[in-house]
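User: I would like to go through this model by questions and answers. Please begin with the terms needed to read it.

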Amino acid sequence: FMQKKIAVINDLSGYGRCSLTVAIPVLSAMGHQCCPIPTAILSNHTEFPVYFFDDYTEKMTTYTDKWKELGLSFDAIATGFLGSEAQIGIVMEIVQKLKAEKTFVVVDPVMGDHGRRYATYTQLMCEAMGALCAQADVITPNLTEAAFLLDLDYASLSGGGKEGLELARALSEGGRRSVVLTGVSSGEGMVGAACYDRASGRAGLVMAPRVEGEYHGTGDIFASVLTGGLVGGMELEQAAAL
Ligand code: PXL
């Protein structure tokens, strides 16, 4: 039995569980090996009023060149929070460099929430994120990120299930990639994801009771569980439900 290996391109935030500090334990608990490629090192995530931020863009190419030299291969590559505009192009090169035929690519186009960009994200970074998404087998935007990717006004979205299914289909770029759109509401007190599965061409909702409150890093936990499930052989909706 070979443990599955997942290269995770994401930041290390020391406080405020998100990105690598959830990807590593979640993927490990699911029985996989998480191999981090850090995009930035932060004292804490950027939704706190202050944070220390050390961009890792310039190190990422030589870091992953060693993996290439060693002939390492991965069952999946997952990307998340990115540190700079230049980094997005570098991440695209790293994905191409490390990708083998069996490797599938999950891009969480982390850019913002509640209609706003995160503090370190610029307009140009959000535009470049679309190009990275074009390399993905699966993308996992929230509603805010879906609006950015499709160039829609966030305020005009209802966040409902029917709309979610349409957005998921639109984000698939004609069925070229699978989509798991999070933050969709449907039914009384229910929240979840609209999934478009390119394997079947079907779109469906996966819902669960909404838990009140704001829990930062839930998108990262969700993307990690989804990736772990897919690597373990689950279907898209089954992994989203997990
Ligand atoms: O959860 C997304 C995320 C990841 N990493 C950092 C963040 C955020 C969202 O604010 O600031 C550093």
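Analyst: Axes are lines fitted to C-alpha atoms, for helices over the stretch in contact, and angles between N-to-C directions run from 0 to 180 degrees. Helices (H or I, at least four residues) and strands (E, at least two) are DSSP runs, numbered from the N terminus. This is a predicted model, in which local features need pLDDT of at least 70 and side-chain atom pairs count only at pLDDT 80 or more, while totals for chains, interfaces and linings use all residues. Residues are numbered from 1 along each chain as its sequence is written, and side-chain values use heavy atoms, with hydrogens and water left out.

User: Is helix α3 roughly parallel or roughly antiparallel to helix α4?

Analyst: Angles under 35 degrees count as roughly parallel, over 145 as roughly antiparallel, 65 to 115 as roughly perpendicular and the rest as oblique. Helix α3 (residues 85-98) packs on helix α4 (residues 123-133) at an angle of about 10 degrees, and their axes are 9 Å apart. That makes the relation of α3 to α4 roughly parallel.

User: How many charged residues does the contact of α3 with α4 have?

Analyst: Ala, Val, Leu, Ile, Met, Phe, Trp, Tyr, Cys and Pro count as nonpolar, Asp, Glu, Lys and Arg as charged, and the others, Gly among them, as polar. Contact means heavy atoms within 4.5 Å. From α3, Glu85, Ile88, Val91 and Met92 meet Leu124, Met125, Ala128, Met129, Ala131 and Leu132 in α4. By class, this contact of α3 with α4 has 9 nonpolar and no polar residues, and its charged count is 1.

User: How many polar residues are in the contact of α2 with α3?

Analyst: The axes of helix α2 (residues 57-69) and α3 cross at roughly 5 degrees and come within 10 Å. That makes α2 roughly parallel to α3. On the α2 side the contact residues include Met60, Thr64 and Trp67, and on the α3 side they include Ile90, Val91 and Ile94. By class, the contact of α2 with α3 has 7 nonpolar and 3 charged residues, and its polar count is 4.

User: What kind of ring pair do Tyr56 and Tyr63 make?

Analyst: Rings of Phe, Tyr and Trp (its six-membered ring) pair if their centres lie within 6.5 Å; planes under 30 degrees apart count as stacked, over 60 as edge-to-face and the rest as tilted. By this rule the count comes to 5 aromatic pairs. The rings of Tyr56 and Tyr63 have centres 6.4 Å apart and planes at 85 degrees, so the pair is edge-to-face.

User: Which residues are linked into a cluster by ring pairs?

Analyst: Buried means under 20% relative accessible area, exposed over 50%, and partly exposed in between (1.4 Å probe, protein chains only). Tyr56, at 21%, therefore counts as partly exposed, and Tyr63, at 27%, is partly exposed. The ring pairs link these residues into a cluster of Tyr56, Tyr63, Trp67 and Phe74.

User: Which strands stand at the edges of the sheet?

Analyst: Two strands pair if DSSP finds at least two bridges between them. Here 9 strands form an open sheet with mixed pairing, in the order β3-β2-β1-β4-β5-β8-β9-β10-β11. Two strands have a single partner strand each, so one side of each is left without a neighbour in the sheet: β3 (53-55) and β11 (202-209).

User: Which residue in β3 is the bridge partner of Ile41?

Analyst: Strand β2 (residues 33-44) and β3 run antiparallel and are joined by 3 bridges. In β3, the partner of Ile41 is Asp54.

User: Which residue in the turn between β10 and β11 has a positive phi?

Analyst: Strand β10 (residues 190-197) pairs with β11 in the antiparallel sense over 8 bridges. Ala194 stands opposite Leu205, and Cys195 stands opposite Gly204. The two strands form a hairpin with 4 residues between them, and the turn residue with a positive phi, about 75 degrees, is Gly201.

User: What is the phi of His114?

Analyst: Most residues other than glycine have a negative phi. His114 lies in the loop between β6 (112-113) and β7 (116-117), and is partly exposed, with a relative accessible area of 44%. Although it is not a glycine, His114 has a positive phi of about 50 degrees.
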